[in-house]
Amino acid sequence: MTDWWSELYDDTVAQLLQVRRDRAETDATVRFLADRLGLAAGRVVFDQCCGIGSLAVPLAASGVRVVGVDQSRAYVERARPAAAGLPCEFVAEDAFTFTPPVPCDAGFNWGTGFGNTPDDGRNREMLRRAFEALKPGGRFALDYQNVPRVIRIFQKCLLHRLGTPAGEVLVVRESELDFPAGALRQRWTFVMPDGTRRERHSHVRLYLPHELAAHLATVGFAGVEFFGDTDGRPLDADSPRCVLVARRPG
């Protein structure tokens, strides 16, 4: 059976979810990663599930060496021109199995790249690869949906309109909370400029903050800290995101 993300993440979804249009938000995220992970020019950071390189490129522009991996070859090919001349390497591989060829000073997984299979053990394998990527003492940041907030303000249906060179794409996202499975199931319908429709599905685990910390601890991480967003605010039920920062002991 094909994993759902290999079908969902195409150019249309890249334009909708991967392109960063808010420069201030991008700058805040880069500052957060630099501060919390101890990044500086010459350091090596692992960008796990890097997408089109929307964070890797600005980090590399600051002198940080970035090794990014993503399952989508199309996304990796899209990222490479933007990183031309920068200390940045992108690899099209499976993040469940890929470990960078060089030990990294830090790592991060951003934008809920984690938790996309119902198999908890398989999800932990992704965190294990992040742990193995780091030098002793290296830090890792995991950005995830804030599940208490998702449940509290749950929206069953959202509509997006995306302008493209070929015309407007209408994106309808229908969501279902599957509490017995601990999952958020979504159906994505794309109405293309010529009127044709494409339907895709996604399945994301609903991990509470303490469960994320337990997964990190299981693969060897220690000293987990929680944040509610890239401004460093404490995590609570109203926080936009759930960000965990942990370290590899040593």
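Contact here means heavy atoms within 4.5 Å. This is a predicted model, so to speak: local features need pLDDT of at least 70, side-chain atom pairs count only at pLDDT 80 or more, and totals for chains, interfaces and linings use all residues. Residues are numbered from 1 along each chain as its sequence is written, and side-chain values use heavy atoms, with hydrogens and water left out.

**Helix H8**
- Helices (H or I, at least four residues) and strands (E, at least two) are DSSP runs, numbered from the N terminus.
- H8 spans residues 209-218, and its buried residues (under 20% relative accessible area, with exposed over 50% and partly exposed in between; 1.4 Å probe, protein chains only) are Pro209, Leu212, Ala213, His215 and Leu216.
- These buried residues pack against H6, S5, H7, S10 and S11.
- On the other side of H8, His210 and Thr218 are exposed.
- Just past H8, Gly220 has a positive phi of about 120 degrees.

**Aromatic rings**
- Searching the whole structure turns up nine aromatic pairs (Phe, Tyr and Trp rings, the six-membered one for Trp, with centres within 6.5 Å; planes under 30 degrees apart are stacked, over 60 edge-to-face, the rest tilted).
- One of them, Phe32 with Trp110, is tilted, at 6.1 Å centre to centre and 55 degrees between the planes.
- Phe32 sits in H3 and Trp110 in the loop between S4 and H6, so this pair ties together parts 78 residues apart in sequence.
- Ring pairs also join Phe32, Trp110 and Phe227 into a cluster.

**Cysteines**
- There are zero disulfides (cysteine sulfur pairs within 2.5 Å).
- For Cys49, the nearest cysteine sulfur belongs to Cys50, 8.1 Å away.
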